[in-house]
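This briefing is meant for a reader who has not seen this structure before. Please keep the sequence and the 3D view open while going through the points.

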Amino acid sequence: MRIIITGNSGSGKPWLATHLAEIHHCQVIHLDHIFWQPGGFSEKRYPEVVNQMIADAKREESWIVEGVFGELAEKFMDRADFFIWLDTDWSLCRDRLRQRGLESCRHMGREQSEQDLLELLDWASRYYERKNARSYDGHKALMERFNGEKIHLRSEADAIQMVEKSITQG
């Protein structure tokens with residue numbers, strides 16, 4: 001099974017990916033790990049390194065890719081079986097980002113300063129305004145172009161229900 005999960009920052013992508021990976025016994029690929037150099041969010045990887053990491057990951061039999069980077073998620077689409085768009089309300093994303101605070105990126109072993117958190121909140125708040133692959137319009141366009149099964153989750157309850165359904169189906 002190969003799944004792509006996109007959505008705004010704070011929408012629950014790592015949570016959903018982790019739960020589905022446990023159920024389906026596959027690895028999670030965080031697009032943040034591919035895009036950023038280790039240790040933080042200040043230095044991007046070189047494009048040739050990013051492309052090699054994607055090529056290596058795509059060769060695996062099963063995986064779940066999660067992240068806001070639509071331009072990277074798109075490179076997995078030719079091998080993916082499912083495309084999940086976590087299209088949750090900004091207020092939920094904002095509350096989650098604030099609640100997690102500086103812990104928001106520790107799941108990836110990355111440090112984030114208070115200033116970084118404020119910048120992330122500002123950036124994420126413009127999800128519906130941006131016009132690139134990391135935006136509402138960008139994620140919607142990816143989903144429309146995807147040829148496999150598409151799942152559009154619009155709430156936290158939808159994501160929980162999907163996990164519960166996956167558990168019962170094994």
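The model is predicted. Its largest nonpolar core has 24 residues, and another core, of 17 residues, lies apart from it.

**Nonpolar cores**

- Within the core of 24 residues, those with the most contacts are I4, L31, I34, L72, F76 and F83.
- Two or more residues of this core come from each of α2 (31-35), α3 (47-58), β3 (63-66), α4 (70-73), β4 (82-86) and α7 (136-145).
- Leaving aside residues up to four places away in sequence, I4 touches W63, V65, A73, F76, M77, A80, F82, F83 and I84.
- The core of 17 residues includes L16, I23, I64 and V163.

**Helix α7**

- G138, H139, L142 and M143 are the buried residues of α7.
- These residues lie on the same side of α7 because they cover an arc of only 135° around the axis.
- As a general rule, an α-helix has 3.6 residues a turn, so residues three or four places apart point the same way.
- The buried residues of α7 pack against β1, α4, β4 and β5 (149-153).

**S11 in its loop**

- S11 is located in the loop between β1 (2-7) and α1 (13-24).
- With a relative accessible area of 2%, S11 falls under the 20% cut-off and is therefore buried.
- The S11 side chain reaches the backbone oxygen of N8 at 2.7 Å.
- Not counting residues up to four places away in sequence, S11 touches L86, T88, C93 and R96.

**L153 in strand β5**

- L153 belongs to strand β5.
- The relative accessibility of L153 is 6%, so this residue counts as buried.
- Residues up to four places away in sequence aside, L153 touches L16, I84, W85, L86, D87, T88, D158, A159 and M162.
- L153 and C93 are 60 residues apart along the chain, and their C-alpha atoms are separated by 14 Å.

**Cysteines**

- A search of the whole structure finds zero disulfides.
- C93 counts as buried because its relative accessibility is 0%.
- C26 has a relative accessibility of 13%, so C26 counts as buried too.

Note on methods. Residues numbered from 1 in each chain as written. Predicted model: local features only at pLDDT ≥ 70, side-chain atom pairs only at ≥ 80, totals over all residues. Heavy atoms only, no water. Helix = DSSP H or I, 4+ residues; strand = E, 2+ residues; numbered from the N terminus. Buried < 20%, exposed > 50% of the residue type's maximum accessible area, 1.4 Å probe, protein only. Polar contact = N/O pair within 3.5 Å; in protein donor to acceptor, adjacent residues only side chain to side chain. Contact = heavy atoms within 4.5 Å. Core = buried A, V, L, I, M, F, W, Y, C linked by side-chain atoms within 4.5 Å. Arc of directions from axis to C-beta. Disulfide = S-S within 2.5 Å.
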